[in-house]
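Hello,

Here is the structure I promised to pass on. Could you look it over when you have a moment? My notes follow below.

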Amino acid sequence: LFAVLVALYEEPEKPDSALDFLKHHLRASAPENPEIEALRLEVAEMKEKYEAVLEENKKLKTKVKVY
């Protein structure tokens, strides 16, 4: 954050909005990349699969204890 504030201070042509400048340099307002969205979906799917595998694992452990 400090480096971005220094960059704003040293900017020869001051931007109209300092907040927009900060967002741009902190990548807070960067447009969503389609690849990022695809990766987020993939992560969500993997989390669901992981939870399903954990549940299956618990069930199988219970069956093994019975035998």
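Leu22 touches Val4 and Leu5, leaving aside residues up to four places away in sequence; contact here means heavy atoms within 4.5 Å. Leu22 sits in helix 2 (residues 18-26), where helices are DSSP runs of H or I with at least four residues, strands are runs of E with at least two, and both are numbered from the N terminus. Leu22 counts as buried, because its relative accessibility is 19% and buried means under 20% relative accessible area, with exposed over 50% and partly exposed in between (1.4 Å probe, protein chains only). Tyr50 is 28 residues from Leu22 in sequence, and their C-alpha atoms are 38 Å apart in space.

A word on the source: this is a predicted model, in which local features need pLDDT of at least 70 and side-chain atom pairs count only at pLDDT 80 or more, while totals for chains, interfaces and linings use all residues. Residues are numbered from 1 along each chain as its sequence is written, and side-chain values use heavy atoms, with hydrogens and water left out.

The protein is divided into domain 1 (1-30) and domain 2 (32-66), with bounds that come from an automatic or database domain assignment. Their C-alpha centres lie 40 Å apart.

Leu5 also belongs to a nonpolar surface patch with Leu1 and Leu26, and together they have about 300 Å² of accessible area. Patches take residues with over 30% relative accessible area and no salt bridge, joining like charges within 9 Å and nonpolar side chains (Val, Leu, Ile, Met, Phe, Trp, Tyr) within 5 Å. Areas come from the Shrake-Rupley method with a 1.4 Å probe, and for residues only the protein chains shown count as cover. Leu1 lies in the segment before helix 1 (2-10) and is exposed, at 65% relative accessible area.

Which side chains meet in a salt bridge? Those of Arg40 and Glu37 do, at 4.0 Å from N to O, and the structure holds 1 salt bridge (a side-chain nitrogen of Lys or Arg within 4 Å of a carboxyl oxygen of Asp or Glu). Arg40 and Glu37 are 3 residues apart in helix 3 (residues 34-66), so about one helical turn separates them. Arg40 is partly exposed at 48% relative accessibility, and Glu37 is partly exposed at 37%.

Finally, an unreviewed UniProt entry lists residues 36-63 as "coiled-coil region"; such annotations may be inferred rather than shown by experiment. In the model, residues 36-63 are 100% helix and 0% strand, with the end C-alpha atoms 41 Å apart.

Best wishes
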